[in-house]
Amino acid sequence: MKDKIFGILQRVGRSFMLPIAILPVAGLLLGIGSSFTNETMLETYGLMRILGPGTIFAAVFEVMSEAGNVVFANLPILFAMGVAIGMAKKEKEVAALSAAIAFFIMHASISALITINGGTEAMLAGAVTSVCGITSLQMGVFGGILVGLGVAALHNRFYKIELPQVLSFFGGSRFVPIISALVYTGVGILMFFIWPAIQKGIYTVGDLVLNSGYAGTWVYGFMERLLIPFGLHHVFYLPFWQTAVGGTLEVGGRVVEGAQNIFFAQLADPSVTKYAVSATRFMSGKFPLMIFGLPGAALAMYKTAAPEKRKAAGGLLLSAALTAMITGITEPLEFTFLFVAPALYGIHCILAGFAYMLMHMFEVGVGMTFSGGLIDLTLFGIMQGNAKTNWIWIVIVGIGYFIVYYVLFYYLIRRFDLKTPGRDNNDEVKLYRRSDVDARKHGENAGEQGSDNDRNTDIFRNHSPQMETSRLICEGLGGKANISDIDCCATRLRCTVYDAALVKEDILRASGASGVVKKGNGVQVIYGPKVSVIKSNLEDYLEGDDEKAVIAVSILSPVTGEVFELSSVPDEAFSSGMMGDGIAVLPTDPEITAPVAGTIAFVFDTKHAIGLVTEQGIGVMIHIGIDTVKLNGKGFDVLVETGQIVSAGQPVMRLDLPYLKKHAPSLISPVIITELPDGYKLRPVKTGNVKNGEEILVVEKNENK
């Protein structure tokens, strides 16, 4: 049961990522727009003449402010649609539409009951608000999440439903918005009666949190970092940011719930002279960590790296530190010491708690979108002025945090010989790995499985590195049939599987993952910021043709040399594919051998080209050089004749390389597939230097064709 709950929470957490992802853009628009339409700020910096009211710039910034503000004002419906998309397994666009319909119907039902029961005057003060123009209860993003989760459950249950023939038009995905509308009419009626009690409970929790003082702020900061390895931090902080758990405050004549909502409401209100620390206490603690603390840890790891590896480690660590400082994305650094030394991560969590607590104590009123990097500090701290935000304390405390992180991590790494980047025996220096030795061992095993000895029996080889990564992930998760659903957050592929015992961590690491977190049927595979591309490629792979490609024929290099793509050949007849698909080799050795076993179909009179046909009917032509037909056979010594049966690797020609280099425009030699029967497809497998007899192409056939 515990593992099942974890898996559900993981899926809920990742579904929050879509609506959360829009917050940085909305925050930038609102931050820039509000800053440059604030007359106090303009007077402070002497910009009234250029940017003041009545100027074209003032109009532009006003539009930006409103464009950003509308996102924060309508987060409930964005969460309804985003959560539904994130939780739906298939046909996510139907889930999004159904969630929007259900959201409006739920609030319209509540609005009708408010009117029936005496209107807003009969409701408790602060209990009623306007939701997308509908008078309804103040449910905040909880209302959106309630819709998103419920609609996703209905969608996953009914999107393939088959109705009786007379109603069949309304079956399948068309049934989802219908059932959602009916269900959420009932939910709206139910919420009218039970939400006031729930809301009272939320307010009680919020009051408890707000009255917990500095100790409560420390616990919040500690837990927010502690839950990152489990992927549950979004589930933890979202109620504080978006609901009354994080407090309520009247801003501009309306009651606003949630720490982040309060901050951005105040940001958009030019009459606010100081931002509420009761709200920003749940955000401002990130800044000393992201901008100062983790870069200090990175410097400590750089200084403790072996001298011969320090340069390589420095490049990686500098990049990761700058990413943390500027954007607030910290996982490349955090997972480095999480996996090589969990104790360091524990210390990091403790220090994180103190960072939040110190910002609370010094009344720092700087909010953020979600990152806590220099961009947010500039927009929501520095540009707002120290009088409003006390942002200077971030720098003061941050400098101390940089020193503490550097000294403490430097000492612990040296004292306990922790294997941070550049301190192990591995030749490769990389970030965020659980164990370099373990990763190298698994990588070698994966390499052996794909060795040359197995080439002709590997039935899963793909056309690109991206597809190979997807194949490994699929295999590591126990195969297509074992994958329930996939999604991702900023750095992790988040998957749910049917049978966790089938998951192979070594294969997942061989796919390029830096770590794997398993809990029940939930699996998180850590790839870093490129994970969204990996997810998309994996979805394409899983939705692709289920037929397995078996290698029918391996095409070997007929000569030692260098392999090029066919498009590199300086002859349009070949480079355009007019003659057929294939590859090209630049010979460095005079011996030409048969690339496949078969029958010699032809030998040109000018000896510069030879054709073969395999028993499957696949035609292969070796064309030596470009425009070598004009040499009339000089420089070529053909060793076979038409109709002769040859084996792969058998010599068929010898070249006079000095003569050909002098008289041929180019020696680059296309190897062309001139005939390819139905059901077969060609795939290149080699570029760069190649030896005679080494595989350069494979012709594959689908198993069921």
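This report covers helices, salt bridges, a surface patch and strand pairing in one predicted model.

Local features need pLDDT of at least 70, side-chain atom pairs count only at pLDDT 80 or more, and totals for chains, interfaces and linings use all residues. Residues are numbered from 1 along each chain as its sequence is written, and side-chain values use heavy atoms, with hydrogens and water left out.

**Helices**

Helices (H or I, at least four residues) and strands (E, at least two) are DSSP runs, numbered from the N terminus. The expected span of a helix is 1.5 Å times one less than its number of residues. Helix α8 (residues 92-116) has 25 residues and should span 36 Å; its end C-alpha atoms are 36 Å apart, which agrees. Glycine 118 follows α8 and has a positive phi, near 105°.

α15 bends by about 30° at glycine 293, with proline 295 following within four residues. The bend is the angle between axes fitted to the seven residues ending at a residue and the seven starting there. Of the 19 residues in α15, 16 are buried. Buried means under 20% relative accessible area, exposed over 50%, and partly exposed in between (1.4 Å probe, protein chains only).

Alanine 279 lies in helix α14 (residues 277-280). Alanine 279 is buried, at 1% relative accessible area.

**Salt bridges**

A salt bridge is a side-chain nitrogen of Lys or Arg within 4 Å of a carboxyl oxygen of Asp or Glu. By this rule the count is 7. Three of them are tabulated here.

| Pair | N to O distance | Location |
|---|---|---|
| Arginine 225, glutamate 334 | 2.6 Å | α11 (residues 213-226), α17 (residues 331-340) |
| Glutamate 475, arginine 471 | 2.7 Å | α23 (residues 465-476) |
| Glutamate 505, arginine 509 | 3.2 Å | α24 (residues 505-510) |

The arginine 225 and glutamate 334 pair links distant parts of the chain, 109 residues apart. Both residues are buried. Glutamate 475 and arginine 471 are 4 residues apart, about one helical turn. Glutamate 475 is partly exposed at 30% relative accessibility, whereas arginine 471 is buried at 13%. Glutamate 505 and arginine 509 are also 4 residues apart, about one turn of α24. Glutamate 505 is partly exposed at 27%; arginine 509 is buried at 13%. Salt bridges that share partners join Glu224, Arg225, Lys286 and Glu334 into one network.

**Nonpolar patch**

Leu28, Leu318, Leu322, Ile326, Leu374 and Ile375 form a nonpolar surface patch with about 470 Å² of accessible area together. Such areas come from the Shrake-Rupley method with a 1.4 Å probe, and for residues only the protein chains shown count as cover. Patch residues have over 30% relative accessible area and no salt bridge; like charges are joined within 9 Å, nonpolar side chains (Val, Leu, Ile, Met, Phe, Trp, Tyr) within 5 Å. α16 supplies the largest share, 3 residues. Leucine 28 sits in helix α3 (residues 23-35) and is partly exposed at 34%.

**Strands**

Two strands pair if DSSP finds at least two bridges between them. An open sheet of 8 strands runs in the order β17-β13-β14-β15-β19-β11-β10-β21, with antiparallel pairing. Its edge strands are β17 (645-646) and β21 (688-690), each pairing on one side only. β13 (residues 598-603) and β14 (residues 609-613) pair over 4 bridges. Phenylalanine 602 stands opposite glycine 611 in β14.
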